[in-house]
Every structure is written in structure tokens, then in C-alpha cells.
Amino acid sequence: MLETVELRKVFKGKVVVDDVSLFLDKGESIGLIGPNGAGKSTTISMISSLLRPTEGDVRLNGKSIVKYPQEIRKVLGVVPQEIALYEELSAYENLKFFGLIYKLSGIKLESKIQEVLEIVGLRERQKDLIKTFSGGMKRRINIAAALLHDPQIVIMDEPTVGIDPQSRNHILDTVRLLNREKGTTVLYTSHYMEEVEQLCSRMYIMDHGRIIASGTHEELQRILSGEDTLLIQLNAPSPGLIQELQALEPVRLVEETEKGLKLIVTKQSSILISVVQAAERQKVQIINIHVHTPSLEDVFLHLTGRTLRD
């Protein structure tokens with residue numbers, strides 16, 4: 001349904017998106033994940049025809065939207081990372097304004113406003129000014145505005161950043177409703193791996209402007225099929241222990257966490273003895289060691305060397 005073909009964008013001599021090719025089939029929910037600065041938002045801007053690529057193409061049902069941007073604008077709804085609402089207007093007035101831009105009017109416009117307010121759970125607050133809303137409620141109205149024209153494709157660019165748990169859960173439920181019940185194609189970017197796991201059947205991992213891996217959850221987890229993840233809880237931080245562990249041959253990666261250390265190690269290695277001995281040398285106490293199969297977060301860390309929040 002929608003694909004990018006060797007998409008490239010250069011700003012002031014710097015390549016920010018480099019040879020990105022991805023596709024969305026009709027009715028799919030696809031995740032696009034990557035650390036800050038990976039090029040996700042720039043890619044989304046090119047897909048939605050807001051930015052013209054330096055090279056490459058974006059195609060909707062085989063037709064170039066670089067040449068014919070109006071084709072994507074008819075069927076696309078975009079939920080931007082930043083709040084795009086008028087604070088001094090009510091929720092209803094904001095939606096009416098955006099509905100008029102979509103050339104809706106009369107009974108149809110009124111009906112769509114009430115429908116999208118119901119979807120995002122804010123019908124009873126429609127007369128209240130946006131400036132009185134919480135951050136999560138504003139984001140929900142942002143989503144409502146993107147749904148007014150019944151888009152076939154919805155792009156959501158980190159829609160749950162910095163909001164309360166209740167609004168976050170409501171937004172996730174909204175994405176499920178759109179995708180599973182209405183058949184809307186969704187491209188979803190997020191800083192939270194668990195959201196992408198819950199919502200998306202496939203995902204693309206992006207870093208330094210390039211797609212570095214793609215596939216289903218199972219396909220991506222196979223990247224670390226020969227590894228285990230060790231979660232080590234310590235009684236105190238120990239930079240010396242980190243250095244020792246990084247030097248051990250079975251250790252692929254060491255990450256410092258709030259409670260201790262996370263290690264990705266070769267499966268079936270005798271690493272536990274070496275870890276205990278290194279801790280004794282560094283005079284740090286191990287409170288707990290937990291071994292588990294690598295998660296998608298571990299795969300991401302392995303591929304990029306940094307977490308989603310870096």
C-alpha cells in the first residue's frame with residue numbers, strides 16, 4: 001500500500017536519512033523505532049509529503065507522492081510529536097477548524113467531530129478550552145484531529161511522550177481500535193519498546209539515518225538466539241566491575257541499569273563463575289543474578305549500542 005524506495009535526505013551537507021526502504025501493507029500496524037536523532041521524524045515528514053526527499057521516492061499504491069503529494073494527503077492522518085492545537089479555542093472549536101480544512105461541513109462535520117471525540121474519550125470535555133487540558137488530553141485531541149477525514153493510513157510520531165498512565169493506556173487502546181476494528185494502516189514510532197511490542201506486527205529499527213534491522217518480533221529476537229541476558233543486582237555501583245566484565249570473552253554487551261548491570265552473553269557459557277570472581281575482586285556484593293532469553297529491548301541495545309531513551 002505504502003512504500004519508501006531508497007529514501008535519502010541531506011540537510012546542509014549532513015545525511016540524516018540514508019537509503020531507507022520500508023513498506024506498509026493495507027491494515028498493518030508497523031513500528032518504527034530508534035534512538036533520538038535516528039532520522040525517524042525526518043522519514044515521517046517525507047512520507048507525509050511535508051519534506052521533499054533529496055533522493056528516492058515514496059509510493060502510494062505504486063504512484064509517486066513526491067510527484068503527486070495530493071494523493072497521500074487525501075488518505076493520511078498525522079499525529080505529530082508536538083502538540084498542534086490552538087490553546088485559546090475549545091476542543092470542539094479546534095476540531096471544527098481542522099474539519100473545515102479537510103473540506104468537511106454541515107451535518108457531516110458535526111457527526112465526525114462527535115465520532116472522533118467519542119473515540120478518544122473526551123466528548124464530555126468538548127466545550128472546554130485546550131489550555132485547561134492535561135498533556136495527555138491534548139495529545140488525545142491531537143489524535144482526534146488526525147481522524148476527522150477517515151484516513152486509510154495514520155502516522156503516530158511518539159504520541160505518548162510525557163503523559164499520564166491513564167491517557168497513555170487510552171491512546172494505546174485507540175491505536176488497537178483503529179487497526180484491528182477499523183482496518184486502518186498504522187505507522188507508529190515510540191521511545192517505549194513495550195508499546196511497539198503490544199501494537200505492531202512488524203517493526204523497523206533505525207539508527208544514524210539507516211534501517212539496520214526489520215521483521216516480526218520473533219524474527220528480530222532470533223538475532224540474539226545464541227545469547228542470554230543476565231540481570232545482575234548489586235549493593236553499590238562499580239565502574240571497576242563494568243570494566244572487568246567488558247573484557248570477558250563471552251560478554252557481548254554491558255549496560256548499567258538503575259538496579260545494577262545487564263549483560264548479553266554467549267549462551268551456555270560459564271560466565272557466572274567469572275562474574276562472581278570479578279565482583280569479589282572489586283569488593284562489590286551481588287544481591288541477585290537473573291538469566292533470561294533476550295528481549296526486543298536487548299536486540300535493540302545489541303544493534304545500536306544505546307537504549308531508546310538515549
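Reader: What should I know about the numbering and the model first?
Author: Residues are numbered from 1 along each chain as its sequence is written. This is a predicted model, in which local features need pLDDT of at least 70, side-chain atom pairs count only at pLDDT 80 or more, and totals for chains, interfaces and linings use all residues, while side-chain values use heavy atoms, without hydrogens and water.

Reader: What is the order of the strands in the open sheet of 4 strands?
Author: The order is 12-13-11-14, with antiparallel pairing. Strands are DSSP runs of E with at least two residues, helices runs of H or I with at least four, both numbered from the N terminus; two strands pair if DSSP finds at least two bridges between them.

Reader: Which strands stand at the edges?
Author: Strand 12 (251-256) and strand 14 (286-292) do; each has a single partner strand, so one side of each is left without a neighbour in the sheet.

Reader: Over how many bridges do strand 11 and strand 14 pair?
Author: Strand 11 (residues 227-234) and strand 14 pair over 6 bridges. Ile232 stands opposite Ile289 in strand 14.

Reader: Now helix 11: which of its residues are buried?
Author: In helix 11 (residues 296-304), the buried ones are Leu296, Asp298, Val299, Phe300, Leu301 and Thr304. Buried means under 20% relative accessible area (1.4 Å probe, protein chains only).

Reader: And what follows helix 11?
Author: Gly305 follows, with a positive phi near 75°.

Terms used. Buried < 20%, exposed > 50% of the residue type's maximum accessible area, 1.4 Å probe, protein only.
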